[in-house]
Each structure stands twice: as structure tokens, then as C-alpha cells.
Amino acid sequence: MTMNRQETEQLIQEVLEVYPDATGKQRAKHLMANDPTLEKSNKCLVTNKKALPGVMTARGCAYAGSKGVVWGPIKDMVNISHGPVGCGQLSRGGRRNYVTGYSGINVFAEMNFTSDFQEKDVVFGGDKKLATIIDEINTLFPLVKGISIQSECPVGLIGDDIEAVAKQKAKEIGKTIVPARCEGFRGVSQSLGHHVANDTLRDWVLSNRDGQEPTIESTPYDVVLTGDYNVGGDAWASRVLMESIGLRVIGQWSGDGTLSELELIPSLKPKLNLLHCYRSMNYISRHMEEKYGIPWLEYNFFGPTQIAKSLRAIAARFDETIQANVERVIAENQAEMDAIIAKFRPRLEGKRVMLFVGGLRPRHVIGAYEDLGMEIIGTGYEFAHNDDYDRTFKELQDGALIYDDATSFELEAFAERLKPDLIGSGIKEKFVFHKMGIPFRQLHSWDYSGPYHGYDGFAIFARDMDMAINNPCWKKMTPPWKQKAVGADLAEAA
Amino acid sequence: MPSVMLRNNAAGDLVFYITKKDQEETVVALEHSGPNAWGGEIELADGSRFYLEPFAQTPKLPMTVRVKRL
Amino acid sequence: MSQDVNAIEQGFPLFNKPEYQDTFARKRVFEEAHSPEKIEQVFQWTTTEEYKELNFKRQMLGVNPNKVCQPVGAVLCALGFHKTLPYVHGSQGCVAYFRTYFNRHFREPIATVSDSMTEDAAVFGGQKNIFEGLENAKKMYEPEMMAISTTCMAEVIGDDLNSFVNNAKKEGRVPVDFPTPFANTPSFVGSHTTGWDNMLEGILRYFTLNHMEGKTPGSNGKLNLVLGFDGYLGNLRVIKRMLKEMDVEYTFLSDPEEVLDTPADGEFRMYAGGTTQDEIKDAPNAIDTLLLQPWHLIKTKKFVQETWNQPAASIQIPMGLAWTDEFLMKVSELTGKPIPASLEKERGRLIDMMADSHQWLHGKKYSVFGDPDSVTGMCQVLMELGAEPLHVLCQNGSKKWLKDITKLLKSSPYGQEAEVYTGKDLWHLRSLVFSKKPDFLIGNSYGKFIQRDTLHKGKEHEVPLVRIGFPLFDRHHLHRDTTLGYEGMMYILKTLVNAVMERMDQDTMVMGDTDYAFDLVR
Ligand code: SF4
Ligand code: SF4
């Protein structure tokens, strides 16, 4: 059952009825039926507004955007969760940002460093504590390249001066120290945390080696991968693909990233900045373009169709060698992709999918599903802005449901009515839909699988969607003694 | 006086990016587009209009500038 | 690329293929990575006594803590009440994390709302958020109670919960008689266990403090039970079963057994089971309230004693043989019901298992970490098995606890070697096991990194982790098991002895080398 725009609008109205009037009016502005001809979303959709109190939003906070998304995966730095113990502990290890290295020795991404605020820190301030902590890190983890300070709620409320501490201590220990004002009450979601983190990259890292002689020679084929957090190894799958077409990847931001890879960028002046997650890293990309003349290009490595399209768009920015390489690589992988599609498409054809994810996946994965013959009937973002929806309309079929910052109630109601064959969303949603008997994949953590990027990733993606939808468990929800006898429906109807 | 970034997008259009609002709009009309003057009145795809003190030459983009809302 | 359609490989082992290993090598140039020799040298240094001393000199830095913040406990407690929606006053990010944390451990949906306080609330206070939050949540999710706790944001700005909630009711946002118990749960005080205790006390207070007239301890003939912060569904079930076998009527104050274990049958139940409001109101009429994890149910105990005038009889966590005996005898004493033959038989079966397995456990050394009550219980279990606690680490243990457990350990020949630590984290524990190696580590999933690190020093240094605790993220369904009662000790014994066997097999299956001892019978 694919709905047209009118039917979708109707459904939205029905679901809105449960809300108190004022709340319903607000929520109505975040829901719509897709119109692929629209260029701009600002006339029909309100985004990036405060989540309403009490509605059970899926959103996180600025700290999650800064420490969790942007800074956390930088592996050779220690990211201090500065404040009480909870935030750092609750977010430890949840995102599956893969790194290589020796944990606790030269990489620290998997660990949790906390200033574990006590009452006296809240009353008297935490700056002294922070200074001591930086020294202790430097003593116990001598190979650490730098330190970031990720502020939790109390820090901004008690008037600490973490910038001053950062400057002072950086001088003393001779390492990069980055203060991030990403307190959870700032902004309306993770999104502000991305922005804050980008600004700190700009102000405290990127220009650190300006004026120094480059230590590595640049080549005409240098690129940097930005906004790939290496969830389950995604950035690596993308990286090998970039390399296979003859490009040299000089840096990954920030999945499996290092401080050096950030600091080397201005001197290496890569030809192109390949931007994966626009939402979380567009700010620094714009800055690098303006300050260092490094242009950026958004790309999509989900599914063979989008991969080919993106590879060609990338190649167009380089010479014939790269363009020829791209055609060769696409051709070489064709057989493997054909085999994947031949195997899985018949098992997935026509299946209807609802998505609700974070930064870019609500639009980026659509092509991969379509390569498998599946159909997206609804999509939405937890914390997108209008520029994200601008980029979504044309990817999505006419009449599909769009929900911005959907509440738990809305998602359940929509799923109940649309009866999708698969839902792709997060851990908070997963088990609700398991109970309802709807196959589900986590699309933040890849449900402990991945990578899903690149050709290697698409094979895994196809396999995973198949196992989610076609596992025998979904058909067993009703005990046999409660199942209607075959033909009973017909008999009743007659 | 909002701070905006002017840049050319992949399609070659001039794009107006309002930093504070994370909002991107295509420029549909630019009063002076060089070579001796660049700037003046700017009209965006959504109909809003701004004024940019004209430059003597065509500037190198991208560039962050202050503009006046008209 | 390199996928075979009939054998598609994910991250591991995919990334061990040469094409990925090569790209990692190319990447290292831009990482300006330290040399492998340097890294190895520093690793070895972190396993030394010298490093341990430095590590223990740490004053301020927390590395890999083993505790979380108060509202986490408050949410778990609130989930245990009938049709109750946990409501957290403060920033929404925390709540997203709380839900996720429990989702991952229980593999269940967790319904909890926040009132999404942002910068303006930081300036003007969160009253408006409470108004809208209560109204929206009530209308949308139709709870019969909302149990309110706080994040640090609300605590730091000093919101007056009680008056905000009352004002919301005056404004008609929710009916005046709609139950809204609350607890202040500042994260910079105590830990998740404190938050659980605070929330329960808040709920009991809300329903009974001003309604004590006509309440008499013992008048309803029941027992109240309080489990406290715990990650095992089996623990609720085993206590209930034992009481049923004793024919004792009971009320669990906070009982999330159902809501954390709803079936997959096509219907999503946001609420299921749980302690009802009537049961809470009737609780002061019970014979007594037994606190199963007394080390962290401090406020609850005070309330029960001072307001309900119940003794809150002093018991140990019913973990292991003797303390389960004591628990049953206490129940029998309080209710006058005899301990039935069925439980005696169960006890006998446990002893039988202990006899069967003792030779594999006697003298084995264990490092244990976790919350005060469960760690105490685990030490007791180990010593009853003839096994020896070596390190006992409890980050959120109090001074009093430290004294008490030290006494317990000293009282047994098997506890003589044990070293007890409070206020220390898992990076301290890493140093401890490098300097004095136990046979096994017992604790939650975070312990896996210690196992990895010790293995890197060499197989002979490896300290395998036995996963008993909270949270358990990297194994499935262990939260269904039981650590309390005779049944709980059976589970622990089985887990421990088979961990020994696993290890024996690993060590002795080297063909032509150690496999003379690769026994079929053990
Ligand atoms: S901000 Fe406070 S309440 Fe929230 S997760 Fe962090 S420590 Fe816990
Ligand atoms: S794609 Fe999603 S999960 Fe990934 S960083 Fe962007 S926002 Fe987050």
C-alpha cells in the first residue's frame, strides 16, 4: 500500500489528534507528505526547533554531538568528559567507531576519561581539578597527542573558564588542548554539538601548523575524507575505494582519525574534501574552502548506483587518469554487485521500509534499498536542518511520509498504520518494533555489523537486510492455536 | 547585519549561506556582477533581498561577508 | 573489492585482508604514529609496579569508571511501578543515554520522557518545561503515575521540583490528584544506586507520608521486599518463587519483572506489571520491609523505620548459601510460616553441586568489581565455595562498607589475601591484576578490556572475565539469570566452574604438546 500525498496528509492529521492542541500545532509543522519537485523545505517544514517537553524525543544533546560524534573517534587524543560521571559512562563504546592501535597506550577512543564532578566541584568550580587532570593524563598516558575537554551541563552553569585552563596547560605540556563548550543544554539536539566541535577544530587545531614547512609532500591526487565516523569500519571501506581509483587519502575526519591528520591538511592542501556527513561536518568544510581553498564535495557510497554516481562526480574533479580508473573500478565491481543483487533482490523486492535516523542516513541509504528493489515509504531525521530536507525530497518517492524529530508515539502510530516490512532506526526504537513483529535494523550502529559503505559494505548491507526481513521468527508471533484456519477469512467474507 | 558566506556550488550557482541559521539559498539576481563592481542588491530564490557593499573587483569565493537585510 | 556472495564477511575478518591492512599501513604515515617499539615499551611500562604506584597517585582523573549517575537508578526504580512513566526533569540528552543504556542491557524498550530543558530554562528555570512536559506526556502516553527525577542541569540551577509540580497542577496541566512522586537525583552526589534509593523513597513518601492514620505494621499479613538497583530479572523471580513456596504474601516495592520482559506477539506494551498504587498505600500495613541490598537502600530504610514504624529487619543480600538460609529463616520468623521441604530440597541440591564441583573452584583466585551489595554477596559466594577473593573493587562503596567487608573477608580462611578498594576505577584494577594475577575477573562487560590488556602481555598473564554484574552489553540474555537465592548460587557456581573448564580446555588442546591433559572427563 503506497499512499499518495493526500492519503499521507490524512494519516498525519489522524495521528496528531492525540496531542494537546498547542503541541499538535507545533508537531504538525514537522510532518509532511513528500513532494519530489520541491527544491526548498523552508516553506513546508519546520526543523531544528526545540523538542517539546514530555513527548519522548529520540534526540540527544550537544555533548553527544561533540564528544560522541565529532571528537570521540579521534583516537590519539584523550577526550575528557568534563563534569559528572554519567554522560561519559553512558556514551562509552556505544557508537562503534572503529580504530586501530593499542588502547590505553597510543589510542584512547574506547576509554572513558572523566572528571567525575562531586558536589564541591559544582560549588567551587572545576578549573583546578581540570588542570590536575590534564597533568595526570600526560603522566599516565605519555604517548597521548592531545586532549579535548568536552563540557557537560554543569560546567557551563557554574561559570568555569575551561579556555583559560586549556591555554595555560597546552603551554605547560606542549600538546594541543581543545576546550569544547558542548554542554547538553545548549541548542536543541546533537546538531549544535557538531557545530561547536567544528568551531573548536577550526580555532584550536586546524591552523596549528600554519607557517611551518610541510613534512610530507603533496600530490595532485590528495583528498581528505570528512564526516565519516568509521562506524563498523565504514571509513575504511570508503578509503580503499578512493585509493582504488588512484586517489591518496591524506586524512580521515574523524573516524579512526588522528590529530596529525587534522593538522596536516592546510600544508598538504588536498585537491578535494570529500564530505560524507554534511550535517555534522559542513561547517569546517566551508571554513577550509574559504581559508585554504580546499573545495568540498558531498558523496554517497551506499549501494552500487549511488557509488557509481559519486565516483564519477569525484572523477570529474580530476584528470583522465582518475576518470579512466573510475570506469575500470565500476566495471570490475559490476560482476560482484550483480551477483549480490541476483541473490538478494528476489528475496527483498517490493519490501517497504521506514527510516528514522540521524545526520545523513535518512536520505543516503535510500539508493541502497532501491538497488535491492525495496521502497522507502517514510523517512525522517532526529536533528536535521532544512538544508538536509532540501537534499532529501528528490531522493524520495512522491507521497512518502516525512517526520522530523518524530516522537516515539508518532513512530509507533505511523508504523501501526503503514505496516512496513522493515524499520531502520536506533536502539531506543528497536525493541518496540520487535514486539510489534516488524523486522528492524539499527541504522546508527549497523546493528553490530558493517561496514555498509562502498562495494564491500553493500554486500553486507544486502545480507543484513535479508536476514532481518526473512528470519523465521517474525512469522511465529501468533501461536498456532490462535491462528485462523486457512480460508477462514474467505469464509467470513462470504 | 547577518554574516553570510558566498560560494559557488557544484552546479556553478552562486549560493548564499546564512551561517547562524544553517540556511542555504541560491542567488537569483545580483546587481553588479563585475568586472568593475561586484555586489549591491542580492535577491535569493526564496524572494528575500539583501544588500552587499560592492567590491571594486570580482572577489575570490568563497568569502564571508556582512550584508544588510532589505 | 573482495566479497564472495556466498560468504559475505563483515568488519572482522574483512579488515584483516591485505587490501585493508595495506591501507592501514599507508594511513600510519599521516597519523605520524609512534613506532611499534615505542608503543610496546610504553605498554610494558604500564604493567609495572612503578606504573601502578603512579596510577594510584591519581587525585582527580577518572579512567574507565564503574558507576553511573543517580537518575539512571531513578529511572530503573520508576519502571517497576504499575503504568508508571519515568519523567526526568532536565536536559534531554541524558535521557536518551539512560534509555539506551537499559535498552542494551535488557534488550527491551525503555519508555522514559524528559522535559528537554535548554538554554532559556537555564536562565529562567524549568517550570515551563514541567508544565508542558507533564501535560504532553500524560495526554500522549496515558500513564497512571509519573515518577520524576532530575538531571544535573536542573540540580545545578536549583529548580524547586515540588512547587513546580504543584503549580502545574494548579494550572490544570494535570489533575490535582494525578500521582507525581519525585526525587532530587543530583549526579554529582553518589551513583546510580543512590538514585534508585532516592526515587523509591520519593514514591513511598508521596503515597504514604501523610496517610499514615489507620496504618498498623503487620495488619495486612504481608511482607514488603525491596530489591534495589539490579540487572537480573531472575532475581525478582527467584525471591517471588521462594516466598510462594513458603506461602508468604508479599509486595515488591518496584517490580519491573514484566515491563522489562514483554513478549513479542505482535503487540507493544509500554506498561506491564509493576507495583500498583494500592499496594504502595497498603505497604505500611505489612509485617516488615526487607531490603535485599541494604548497602544502598539507606533512605528507604530510614523512611520505613521512621514513618512506617517497621523494623526493616537487618539482613544480608540473599546471595550464597548462608545468607539465603538467613533470609528464609528471617522470613519464617517474621511470618510464622515454616520453610517448606521444597526449599530444603533445593538447598540440598545446591550443596550437592558444590560437592561435585569443589575441586575445580577451591583455592581459585578472583578479582571482583561491582556495586557494594552484589560485590559483598559475590565475596560470600566465593568463600563458601572455597575460592578466594583477591581484589575487591567497589568504586561507589562507602567507608562503612569498606570496614564491613574487610571484616567479612578476614573472618574466613579464604578471604585472608583479599585487598579491598573503594573510590577506585577500572584503570586502577588493571594495574592491580598486572601486579598480582587472579585466575579470573568477575564483573560487568567493561571488564573485557582488562582481559584484552592482560592477554597482550602474554597468554600466561591473561585474566579471563566472568560476566556477572551490570551492565552486560556484549553477551545476550544473561540478564535473565539469577544471582540470588540457592538458585542464584547454582547459576554462579555453574558459570564459574565452566569458566575454569573452558580455560583448561584452551590450555590443554595444543596437539602433541599439552593435550595429554585434554580430558574427556573433568
Ligand atoms: S548531565 Fe548529569 S544527569 Fe545527565 S548523563 Fe550527565 S551526569 Fe547524568
Ligand atoms: S550519519 Fe548519523 S550517525 Fe552518523 S554521524 Fe552523521 S549523524 Fe550521526
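## A hairpin in chain B

Let's start in chain B, where E4(B) and E5(B) make a hairpin with four residues between them, and B:Gly47 in the turn has a positive phi of about 95°. Helices and strands here are DSSP runs (H or I of at least four residues for helices, E of at least two for strands), numbered from the N terminus. Strand E4 covers residues 38-44 and strand E5 residues 49-55 of chain B, and five bridges pair them in the antiparallel sense. Pairing takes at least two bridges between two strands, as found by DSSP. B:Trp38 has B:Phe55 in E5(B) as its bridge partner.

On to another pairing: E5(B) also runs antiparallel to strand E7 (residues 68-69) of chain B, over two bridges. There, B:Phe50 sits opposite B:Arg69 of E7(B).

## Ground rules

This is a predicted model, so local features need pLDDT of at least 70 and side-chain atom pairs count only at pLDDT 80 or more, while totals for chains, interfaces and linings use all residues. Residues are numbered from 1 along each chain as its sequence is written, chains are lettered from A and ligands numbered from 1 in the order in which they are written, and side-chain values use heavy atoms, with hydrogens and water left out.

## An open sheet in chain C

Chain C has an open sheet of three strands, ordered E6-E5-E7, with parallel pairing. Strand E6 (250-252) and strand E7 (288-291) of chain C are at the edges with a single partner strand each, so one side of each has no neighbour in the sheet. From one strand to the next, the twist averages 25°.

Strand E5 (residues 223-226) of chain C is joined to E6(C) by three bridges, and the two run parallel. C:Leu225 has C:Phe252 in E6(C) as its bridge partner. Helix H15 (residues 320-335) of chain C packs on the sheet and touches E5 and E7 of chain C, its direction making about 175° with that of E7(C). For such angles, axes are lines fitted to C-alpha atoms (for helices, over the stretch in contact), and the range is 0 to 180 degrees between N-to-C directions.

## A look at C:His82

C:His82 is in the loop between helix H5 (70-79) and strand E2 (84-89) of chain C. It is partly exposed, at a relative accessible area of 28%; buried would be under 20%, exposed over 50%, and partly exposed is in between (1.4 Å probe, protein chains only).

Leaving out residues up to four places away in sequence, C:His82 touches C:Glu144, C:Gly273, C:Gly274, C:Thr275 and C:Thr276. Contact means heavy atoms within 4.5 Å. The side chain of C:His82 reaches the backbone oxygen of C:Gly273 at 3.2 Å.

## Chains and ligands

Two pairs of chains touch, and chains A and C have the most contacts. Chain B and chain C do not touch, and their nearest C-alpha atoms are 17 Å apart.

Ligand 1 lies between chains A and C. Its surrounding residues, each with a heavy atom within 4 Å, include A:Cys87, A:Leu90, C:Cys69, C:Cys94 and C:Cys152. Helix H4 (86-91) of chain A and helix H6 (92-106) of chain C each supply at least two residues of that shell, and H4(A) gives the most, with three. The shell around ligand 1 has eight nonpolar, three polar and no charged residues. The classes are Ala, Val, Leu, Ile, Met, Phe, Trp, Tyr, Cys and Pro as nonpolar, Asp, Glu, Lys and Arg as charged, and the others, Gly among them, as polar.

Around ligand 2 are residues including A:Arg95, A:Tyr229, A:Arg361 and A:Phe383. That shell splits into five nonpolar, two polar and two charged.

Methods:
A polar contact is a pair of N or O atoms within 3.5 Å; within protein, one must be able to donate a hydrogen and the other to accept it, and residues adjacent in sequence count only if both atoms are side-chain atoms.
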